[in-house]
Amino acid sequence: MAKHIYQSGELTVDLSARQVTLAGEPLELPKLSFLFLKALIERAGECIEFDELIVQVWQGKVVSDDTLAQRASLLRKALASDSNTSDITYFETVRGVGFRWVMPVTEVTVKEIPVNEVPVNEVPVKKVTDDENVIPLQHPPAKPIEDSDTIQYSFETRDSLDYESNRLSKRTLFDREKIFQHRKKLIAVPTFLLFLPALFIAFNFFNKESPERPPSNSGEVTQADPADMLRLTLDRANKYAREFNAQSNKLAIDLYLKALRMDKSNVEAIRGLSLSLLHKVSKFDGTESQLHLAERYTQTLLLMNDQDAHNLWLRGFYFDVVGNINKAIELYEQALAKNFRSNEIKGALAYLYAQKGRLHEAMHLNIDTLGSQQEFQLLQIAESLSLAGLNNDALQWYQRALELAPNNSLVSVGFARHYLAQQQYDAAVELLNTLHEANLGSVDSQTLLAEIYLQQHDLANAKQHLEIASQQATDSLYVNAWKEWVDYIEQGEQHIQKDVPKLNKADWPNLWLAGAVYAMAQSKPEIALDYLDNAEQLGYINYLYLQHSVAFELLRDEEMFQEIIQRMKQRANAEAAKIKSSALPKLP
């Protein structure tokens with residue numbers, strides 16, 4: 001049997017024996033620190049993610065960020081405790097991801113010789129016969145000491161002697177005396193070992209001269225380095241924020257708030273919290289109070305530095321979320337002028353350009369940003385191609401975006417919306433159900449699935465998903481418009497009519513579309529046509545969706561409706577011609 005020993009810098013680690021030496025001297029580590037070390041050094045050069053470390057070191061128990069940061073800090077201090085190795089970096093933090101062992105590692109394989117093959121030199125073995133008076137005894141090898149903080153030993157040897165003594169029937173008094181003397185010798189060795197710790201403590205007590213090297217840090221500390229804890233908290237928050245689903249969004253917000261409790265003026269935490277709160281309000285189950293909090297923090301960032309591109313972008317995103325698309329575009333363009341290399345700003349501006357029907361401009365901005373947050377850029381390129389009527393190209397880009405980010409609700413919803421416009425209802429339902437089964441749904445995904453069921457005349461399922469969406473966003477015009485439509489279908493003339501929400505020219509084109517659905521549910525087709533006309537003037541060009549939507553069946557023969565569709569189609573074709581004139585990049 002072979003055992004593996006790792007050598008890295010001045011460090012030697014014997015994993016099987018759980019022995020560590022640093023600069024040639026023993027280094028005692030607590031169990032969790034040793035497991036932390038083991039997880040990293042076994043896969044030197046690889047980045048071990050935080051969640052994987054929690055599984056390997058804490059066996060998957062719920063562990064706080066403080067605990068993880070503290071353990072990393074403890075191990076760093078232990079490895080730097082020697083004066084000759086204090087400037088050596090054994091492992092590093094990979095921001096937002098995990099830890100990586102960076103010191104080169106050499107693995108040494110040592111072949112262990114089985115105990116029964118080790119020659120015994122202490123006592124010659126002689127075959128025992130009944131006629132002999134002396135019985136030489138060879139005691140069996142001692143049982144190896146188990147991995148424990150206290151010394152333990154077994155009386156297996158003594159028990160085997162008792163067994164041997166009882167088995168032999170012809171024993172003289174002289175024989176028994178020999179056995180007894182041998183037994184005393186066997187017991188004396190482990191008994192002496194028990195007193196060794198006490199002798200060692202007494203020796204150190206009476207000899208207090210400075211040792212050759214300071215004692216290793218084998219104890220626990222009550223608090224890790226605050227800077228390390230803050231950095232780890234922010235890294236994990238950023239990681240969860242990038243995953244972009246309801247669960248990860250909640251975790252990100254909690255972690256950013258925790259970081260601000262550590263440092264209330266930390267700009268990275270304020271920015272991260274602002275963005276996560278706005279995502280929660282716009283895409284998940286955010287509340288009015290969370291929107292106000294995001295407004296306050298984005299204002300704070302501008303007060304800190306109103307010329308910073310990132311701060312301008314976040315303020316623009318606030319107006320984006322509240323529906324003031326023109327103000328959002330204005331701030332995004334200001335931010336891009338300050339930092340034209342920012343992929344985040346380009347992506348946000350490209351999205352709004354697409355909503356305003358400026359597909360060619362949106363495409364160019366997204367192509368410029370390919371390689372950073374790639375799934376979002378792929379998604380937006382796919383949406384621009386879809387709106388331009390280039391459906392075969394769009395399908396390939398949607399599929400690639402989904403491959404890169406299967407758990408991203410924006411990608412799934414965008415792809416499902418494309419299927420809806422193409423009347424591929426089963427594919428859209430399957431895509432959204434997969435998202436919901438993983439508990440990664442959003443208000444948009446639930447509302448869109450309800451709309452697809454309405455296209456299939458499945459009122460029961462539509463009502464179920466609208467109810468879920470309504471619980472998450474009670475004031476959403478999109479959700480309430482389709483709830484009103486369901487009530488209209490079920491109640492007919494008995495449906496109690498309500499006033500159609502009033503909108504203004506600064507609102508999103510999609511909001512005018514939702515208002516048109518609301519108007520149709522109140523049996524007010526004139527208002528619906530007026531709202532659709534406003535949507536087209538503001539840049540809405542998804543004419544395929546309008547042509548097939550169940551909410552607008554009664555309008556299809558109306559001359560004004562056909563004119564609106566024709567204007568949208570002309571704009572889409574013009575944008576398609578611009579896109580075709582520029583070669584599309586290859587799918588990454």
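A charge is taken to sit over a ring if NZ of Lys or CZ of Arg is within 6 Å of the ring centre and within 35 degrees of the ring normal. With that in mind, and remembering throughout that the model is predicted, begin by selecting Lys239 and Tyr240, where Lys239 lies over the face of Tyr240 at 5.9 Å from the ring centre. Then move to Lys346 and Phe340, where you will find Lys346 over the face of Phe340, at 4.5 Å from the ring centre.

**Rings beside rings**

Are Phe36 and Phe99 buried or exposed? Both Phe36 and Phe99 are buried.

Next select Phe91 and Trp101, whose ring centres lie 6.2 Å apart with planes at 20 degrees, so this pair is stacked, as planes under 30 degrees apart are counted. Here too distant parts of the chain are linked, with Phe91 in strand E6 (residues 91-94) and Trp101 in strand E7, 10 residues apart, and both Phe91 and Trp101 are buried. If you now select Phe36, Phe50, Tyr90, Phe91, Phe99 and Trp101 together, you have one aromatic cluster on the screen.

**The sheet**

Switch to a cartoon view and select strands E5, E7 and E6, which in that order form an open sheet with antiparallel pairing. Strand E5 (47-49) and strand E6 stand at the edges, each with a single partner strand, so one side of each is left without a neighbour in the sheet. From one strand to the next the twist averages 30 degrees.

Look along the two pairings in turn. Strands E5 and E7 run antiparallel and are joined by three bridges; on this side Ile48 stands opposite Phe99 in E7, while the bridge partner of Cys47 in E7 is Arg100. Strands E6 and E7 also run antiparallel, joined by four bridges, and here Thr93 stands opposite Phe99 in E7. Follow the chain from E6 into E7 and you trace a hairpin with three residues between the strands, where Gly96 in the turn has a positive phi of about 75 degrees.

**Nonpolar cores**

Now select Trp482, Trp485, Leu532, Leu546 and Phe552, the residues with the most contacts inside the largest nonpolar core, which has 118 residues. The largest share of this core, 10 residues, comes from helix H21 (residues 509-521). Which residues does Leu532 touch, not counting residues up to four places away in sequence? Leu532 touches Leu513, Ala516, Leu546, Phe552, Leu555, Phe561, Ile564 and Met568, with that exclusion of residues up to four places away in sequence. A second, separate core has 34 residues, including Tyr6, Ala39, Leu40 and Val57.

**Two loop residues**

Select Leu15, which lies in the loop between strand E2 (11-14) and strand E3 (19-22). Its relative accessible area is 15%, so Leu15 falls under the 20% limit and counts as buried. Leaving aside neighbours within four places in sequence, Leu15 is in contact with His4, Tyr6, Phe34, Lys38 and Glu42. Select Leu37 as well, and note that Leu15 and Leu37 are 22 residues apart in sequence and 9.9 Å apart in space, C-alpha to C-alpha.

For the last stop, select Ser442, found in the loop between helix H17 (425-437) and helix H18 (443-455). Ser442 has a relative accessible area of 2%, which means that this residue is also buried by the 20% limit. Not counting residues up to four places away in sequence, Ser442 touches Lys283, Phe284, Ser409, Val413 and Gln472.

Notes. Residues numbered from 1 in each chain as written. Predicted model: local features only at pLDDT ≥ 70, side-chain atom pairs only at ≥ 80, totals over all residues. Heavy atoms only, no water. Buried < 20%, exposed > 50% of the residue type's maximum accessible area, 1.4 Å probe, protein only. Phe/Tyr/Trp six-rings, centres within 6.5 Å; stacked < 30°, edge-to-face > 60°. Pairing = 2+ DSSP bridges. Axes fitted to C-alpha atoms, helices over the stretch in contact; angles between N-to-C directions. Core = buried A, V, L, I, M, F, W, Y, C linked by side-chain atoms within 4.5 Å. Contact = heavy atoms within 4.5 Å.
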